[in-house]
Amino acid sequence: MRVPLSWLVEYLDLSSLTPYQPFTATFSDAFIDEVTEGLNELGMVVEGVERVSTGLDNVVVAEVLEIEDIEGADHIRKVLVTSDESEPVTVVCGAYNFEVGDKVPFAKVGAVLPGGFAISRRKMKGITSNGMLCSAKEVGLAEDSAGLMVLPEDLSTGALFGEAIGIFDDVVYDLAIEANRPDANSIIGVARDLAPRLGVSFVPPSWSKDLRPSEERDLLELEHSEIVDPDLATRATLALLEAPLRLKESPKIHRRLRLAGMRPISDVVDASNYAMLEYGFPSHPYDYDKVRGGGIRVRVATEAEELRTLDGSLRQLLPSQGGHSGDIVITDLSDTPIGLAGVMGGESSEISASTTRVLLELIAFNRKAIARTSKRLNLRSEASMRFERGVDPAATISVLHRICDLLSTEPISIFDFGDTDPHRRTVEVRVSRVREILGVSELDGRAISLLLAPIGFEVQANGDLLMVRVPTFRPDCETEIDVIEEIARHFGYKKIQGEVAKSPYVGRLTDEQKVQRQLRLLLRDLGIHEAITSTLYARHDHQEVGVEDHPLEVSNPLSQDEVALRMTMLPGHLKALSYNLSRRIDTFSFFEIGRVVSLGESLTYDGLPNERVRVAALVSDKENGAERATQLLSVLLDFFSVDPSVLYSQPSKDTLSSRYGRFPVLHSGRRGGIYDHNGEVLGVVGELSPQLTKRVVEPLSKFRYGWLEFDLEAMLSLSKRAKEAQEISNYTSTDLDLSFEVPESVSAFEVVRLVREVAGELVSSAQVFDVFRSDKLPQGTKSVGVRLRLERLDRPLGERDIKEIIKEAGAAASTELKGTLRDHK
């Protein structure tokens with residue numbers, strides 16, 4: 001929010017400051033710095049301080065004495081003016097909208113106007129021009145103009161132009177106002193908060209006229225206006241204004257609007273915007289003669305309803321759905337929409353130069369509904385921002401006062417309805433709790449009251465308990481801690497001694513977190529890079545990897561490519577694979593430990609979707625991606641101390657789902673499922689399906705890629721890892737390689753399981769080192785090589801022990817796997 005200092009100090013009584021300079025003078029550096037420090041300490045962070053010059057140092061008020069035509073010139077005239085100089089001067093001027101006796105801005109020779117335009121003595125058609133008569137655009141008070149700026153006749157001839165019309169060099173603060181401070185989205189709110197920090201009094205706004213509509217014309221049709229649903233708005237104030245409506249002090253107001261970041265539009269709209277910046281309460285003017293029935297209704301949009309807004313766009317309005325209120329619309333009494341509440345008015349009721357009667361609307365809308373509409377339509381404005389954060393329902397009459405005062409008019413009709421006496425919340429605050437939170441023992445009930453009273457809070461003390469009445473312009477103060485925050489802000493954070501928080505609880509990692517750290521270190525040591533992929537994907541990303549279930553979708557996606565929460569990690573790794581292959585990097589491996597979310601019959605937590613931690617890895621190999629993935633799984637099973645028998649033969653169905661969630665479909669001939677003790681699939685291992693390989697890999701690489709993914713919690717539940725240290729043998733271990741010829745339907749890990757069972761306590765590790773297929777082998781078979789590491793704790797391992805293992809392994813392979821032992825060494 002941009003806050004001009006000259007505007008801010010209008011609501012501060014600076015007469016108590018020593019030395020005191022009125023705000024019409026240049027602000028001192030010390031005062032500017034003091035205001036900056038005060039705003040920062042109060043939480044209204046100053047992001048920038050801009051010093052703005054009027055550029056009007058050598059521009060004065062001049063009176064036109066004579067106007068003469070110049071022979072041979074059709075577009076310029078000779079003008080004689082008097083100003084602060086001893087003698088009248090001649091000026092050549094091309095404007096025709098003024099006459100003798102008018103007062104106009106006169107830029108003397110040597111002046112440099114806004115924009116850097118330097119004024120010098122020039123000769124035109126034989127006439128010397130000793131300066132320039134200025135338009136509003138040329139003195140920086142308008143974006144365009146058609147003629148000179150004709151000034152009020154009561155201005156003193158020869159006076160400095162800026163001082164005469166009330167504009168001076170200024171300072172603009174760019175403030176970062178947090179969403180929980182709706183009161184600070186206004187000049188008055190900032191001034192009220194800053195006054196006690198500067199040690200001065202806040203000056204409440206006052207008006208030159210009271211609102212007194214004539215009795216015989218009071219209400220008219222306005223009394224038929226209504227708020228259809230009280231949840232849409234709490235209070236509404238309508239006023240009927242009649243032409244002429246002219247903005248007084250318009251140069252000063254236009255300049256302040258520009259300094260605050262708004263563009264002057266018309267007298268009525270400018271008055272409305274000016275009052276909004278002052279009070280933080282937006283209003284909207286309608287052309288009353290275009291409002292059928294002479295009144296308005298506030299309701300929710302209906303099905304298929306639309307509105308053409310002031311920007312010319314045809315907006316499709318949203319009705320209530322899914323328990324959420326739809327767009328709030330303003331309609332005339334014929335129930336035709338004429339405005340999108342709190343966001344933008346309708347084109348059909350826009351005021352124009354021909355407008356003779358204005359219907360002014362001030363309504364305290366439901367801030368959540370305005371926020372939804374503004375976000376949905378991507379229509380963010382100064383007005384919608386203030387409604388979203390909350391406005392003061394008690395301010396409608398005050399804002400109406402201010403607008404009428406700016407336009408030098410009185411309403412001919414006023415209708416105030418809804419909750420016209422807004423309730424002030426009362427919050428119980430314990431003095432002992434204030435001292436405990438802030439660590440300041442000297443704060444008592446009286447001191448707290450003195451801190452809160454200047455910012456609009458009322459405090460009634462009853463021993464340790466304070467009954468604090470919160471002003472209506474502070475909807476953010478709902479609980480005791482909110483009020484304590486206000487006390488802290490105005491007591492001064494710098495005065496509060498900082499302490500290191502102490503807790504009887506010592507932070508530590510959970511067992512699962514410890515395992516995750518150890519697992520990351522292991523995978524990195526194996527040369528596998530850790531990846532962090534997105535958790536949001538398009539709907540079709542899951543279908544491409546064989547997960548057909550409906551994913552959990554976010555309600556407000558940033559794009560259609562980020563709609564669904566991931567149910568498997570494979571889509572993200574496929575994108576990473578494609579990215580690397582496009583850069584000619586094909587020899588790599590990724591792993592990730594992250595969360596997936598599933599719906600349906602999977603495990604849930606208190607009715608919420610199933611969110612579980614998974615371990616996944618994508619590995620590359622020139623010949624067989626499935627083999628590389630199974631080798632990695634073998635290492636991980638050793639890490640978790642899980643029996644390799646958890647890997648059974650190929651899954652019996654394509655769709656892999658269980659209470660642990662959904663898993664992708666891999667190559668039908670090169671995949672395996674990882675199962676728990678109940679036969680529920682907890683993971684998959686294998687090679688990417690031919691479809692994925694053809695789409696992602698083959699255009700760019702000849703490598704094969706394996707995939708491994710499993711549920712971490714489920715895997716940990718299978719772990720037989722002993723908590724005690726394992727005894728280490730004093731005798732040398734022996735490696736034994738066994739090669740089995742088995743049917744294709746037998747998985748490598750079934751072979752490992754069988755060999756482990758045969759070797760019993762003698763085996764310290766077992767893993768697949770080779771899977772071989774060849775035309776030399778019988779059709780439908782393959783060769784699986786398993787490497788055992790054998791050792792005994794009581795004595796060296798003998799030849800008899802090894803022969804016995806080989807014999808039993810051959811016999812078990814024949815009976816259980818329908819295979820044979822091919823070779824050993």
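A residue is called buried when its relative accessible area is under 20%, exposed when over 50%, and partly exposed in between (1.4 Å probe, protein chains only). The model is predicted, so local features need pLDDT of at least 70 and side-chain atom pairs count only at pLDDT 80 or more, whereas totals for chains, interfaces and linings use all residues. Residues are numbered from 1 along each chain as its sequence is written, and side-chain values use heavy atoms, with hydrogens and water left out.

Helix α12 spans residues 480-491; helices are DSSP runs (H or I, at least four residues), as are strands (E, at least two), numbered from the N terminus. From first C-alpha to last, the twelve residues of α12 reach 16 Å, close to the expected 16 Å, where the expected span is 1.5 Å times one less than the number of residues. Ten of the twelve residues are buried, so α12 is largely enclosed by the rest of the structure. Among them are Val483, Ile484, Ile487 and Phe491, together with Glu480, Asp482 and Arg489. The buried residues pack against α2, α4, β26, α10, α11 and β28, contact meaning heavy atoms within 4.5 Å. Gly492 follows α12 and has a positive phi, near 110 degrees.

In α7, Arg367, Ile370, Ala371 and Ser374 meet Ser384, Phe387, Glu388 and Arg389 of α8.
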